[in-house]
Amino acid sequence: MSPRYQSITIYERTVHTLFGTFCVLALIYCVVLLSLVFSVIERKQNNLASRDLTSQLSSLEVGYANKVSSINDSTLFAHNFTRVDGTTFAVRKDPIASYTVLYAR
């Protein structure tokens, strides 16, 4: 009766070990699955936020373009800017740069 008792105990231990391993693996599977679901949801939310920011940026660019296009001589004169005609402006260049480097095509 002793060998049979030991074989039942080994069989029960094997079943319990397999069942415990199955439970641990099922728990790991659930954690990975939930992680994937939440990462997909977060990615969709980030895409929506990105689209919203792109839309806001586009509207700001349109507003900036309208402001720049509205600048004319009378607007500049109202802000005390004066037109300077017939002058040459100094161009700063490095001493090692030559005419061909700066102006050649």
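Select Asn80 to begin: with a relative accessibility of 71%, Asn80 counts as exposed. Keep in mind as you look around that this is a predicted model. Asn80 sits in the loop between helix H2 (73–78) and H3. Check its backbone too: although Asn80 is not a glycine, it has a positive phi of about 65°.

Now zoom out and show the whole protein as a cartoon. How many helices and strands are there in the protein? You will find 3 helices and 0 strands. Starting from the N terminus, the elements run α-α-α.

Next, colour the model by pLDDT. Which helix has the highest mean pLDDT among the elements? That is helix H1 (residues 2–69), at 92. Select residues 99–103 and you are on helix H3, whose mean pLDDT of 56 is the lowest among the elements. For the protein, the mean pLDDT is 84, and 74% of the residues reach 70 or more.

Of the 105 residues in the protein, buried ones make up 1%.

For the last stop, select Cys23 and Cys30. Cys23 is partly exposed, at 37% relative accessibility. Cys30 also counts as partly exposed, with a relative accessible area of 42%. How many disulfides does the protein have? With a cut-off of 2.5 Å between cysteine sulfur atoms, the count comes to 0 disulfides.

Definitions and conventions:
Residues numbered from 1 in each chain as written. Predicted model: local features only at pLDDT ≥ 70, side-chain atom pairs only at ≥ 80, totals over all residues. Heavy atoms only, no water. Buried < 20%, exposed > 50% of the residue type's maximum accessible area, 1.4 Å probe, protein only. pLDDT = per-residue confidence, 0-100. Helix = DSSP H or I, 4+ residues; strand = E, 2+ residues; numbered from the N terminus.
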